[in-house]
Amino acid sequence: MSKLKIEGGHELTGTIKISGAKNSAVALIPAAILAKTSSTILNVPKINDIKYLIEIMKLLNCRITIEDNTISIDTSKIKYHQIPEELSQMMRASYYYMGAMLAKFKKAEISFPGGCKIGNRPIDLHLKGFQKLGVKIKQEKNKYTLTAKELIGAKIYLDFASVGATINLMLAAIGANGTTIIENAAKEPEIVNIAAFLINMGAHITGAGTSTITIEGTKELDKGIIEVFPDRIEASTYLIAGALIGKNLTIDGVIKEHINAVLDKLVEVGATYKIDNNKISISKIKKVKPSNIKTLVYPGFPTDAQQPFTTLLTQAEGTSIITETIYESRFKNTEYLNMMGAKTEYNGNTLTITGKTELIGKEIYASDLRGGASLVLAGLIAKGTTIIDNTEHILRGYEDIVTKLQKVGAKIEEI
Ligand code: UD1
């Protein structure tokens, strides 16, 4: 198990290039099985989740070529295969093989997905949606067998605008006869990225990025090409790093409208930033102001940026409150922030942060991906040395985090 060692207090200056979005890439790869011949996906981040998704592609007899951050997938000899539990459980996004395989083979055998332990994370909305499309579901322990003689287009209302369910149902609906309408669909940029890929392959999808998405079933999709959007959560994390300890730290490759909610909060707590096309430069905030944040579905403040932002609020003079409305249990990182000297306390879904507190380097533990990122940020500003254990979580979501931070002046290494 790898650890990260960080010596705190070193100013960050220079440029960090943002990678392709993890949450887009992990859906684009399963979506590629819908292509008749081949697909190319550009700007794919080199992170562990991608490695496991590619292993699943190989099981399905797809030929994969990787060159830098471009993945080419040849699906011309694709064959059905069930997805073994050890692969399904390596990540959350394995569930996209449910929708994609249903569209392609009218069948999928797959286990409950893995991913960060940040709440119950049921997949009932995915399953209910599949049932509406005519899918029969058998569950034995952790394993789901999904089958359909044929998929039939339907009107599906999601009780919650779930990112995963929206993408999964969009994928399955491609293989349906007739029209599917997803109402109360999630509007996150990742959904627009996936829809653009499917449309490029010949699918008929309208409304992606709004709360009503219409999908016309399409018999066979051709080849496709797509570039993964820049990662808005990675960009947010490094902008927060800049607000904590940056000196003209430039974050390169940002789509501003994807991170407006985070930028607004940065300004509210005292940051100023400069924008030059898709580059944003930011420096350490002299006096951080407290703030109240409520996580919401897009375009609200993203839950994935909540934990990194908590580290910034430990430096605010006064009391800040974070209300987490998406997950039940997303404050585990605060236990370790408190070990480092932060004063935070949570009750249900409400976190209170009292600052300003000096953070001191300690041996701590990354309990989940974004929580781990919040600890990296804490390590960057802490007095002394911070060792973060269980960093696999962090490396699952941030491409080259160590090299990127070293390049701008951080003293960080993997040990
Ligand atoms: C995706 C992202 C994750 C992000 C989240 C919200 C991926 C691989 N992961 O996760 O980084 O934090 O969106 O932006 O893209 N829910 C149900 N039943 C369901 C589905 C979801 O109750 O069938 C609940 C979940 O438990 C959670 C909430 O809805 O409380 C949000 O989940 P969802 O939007 O589906 O997130 P994920 O797709 O899991």
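In the classes used here, Ala, Val, Leu, Ile, Met, Phe, Trp, Tyr, Cys and Pro count as nonpolar, Asp, Glu, Lys and Arg as charged, and the others, Gly among them, as polar. On that basis, the lining of the second largest pocket comprises seven nonpolar, five polar and seven charged residues. The structure is a predicted model.

**The cavity**
- One cavity of 30 Å³ or more is found in a search of the whole structure.
- The volume of the largest cavity is about 40 Å³.
- Its lining consists of Ala21, Lys22, Asn23, Glu190, Asp231, Ile233 and Arg370, that is, two nonpolar, one polar and four charged residues.
- The largest cavity lies between domain 1 (4–18 + 230–414) and domain 2 (22–227), because both give residues to its lining.

**The largest pocket**
- The largest pocket has about 880 Å³ of volume.
- The lining divides into 21 nonpolar, six polar and 13 charged residues.
- Domain 1 (4–18 + 230–414) and domain 2 (22–227) each contribute at least three residues to the lining of the largest pocket.

**The second largest pocket**
- The second largest pocket holds about 350 Å³ of space.
- It is lined by 19 residues, of which Leu244, Lys284, Gln315, Lys356 and Ile381 are the closest to its centre.
- Helix H8 provides the largest share of this lining, with three residues.

Technical notes
Residues are numbered from 1 along each chain as its sequence is written. This is a predicted model: local features need pLDDT of at least 70, side-chain atom pairs count only at pLDDT 80 or more; totals for chains, interfaces and linings use all residues. Side-chain values use heavy atoms; hydrogens and water are left out. On a 1 Å grid over the protein atoms alone, a cavity is a set of points where a 1.4 Å probe fits but cannot get out, and a pocket is an open set with protein on both sides within 12 Å along at least five of seven lines; lining residues have an atom within 4 Å of a point. Grid points are joined across faces, edges and corners, and a volume is the space filled by probe spheres set on the points. Domain bounds come from an automatic or database domain assignment. Helices (H or I, at least four residues) and strands (E, at least two) are DSSP runs, numbered from the N terminus.
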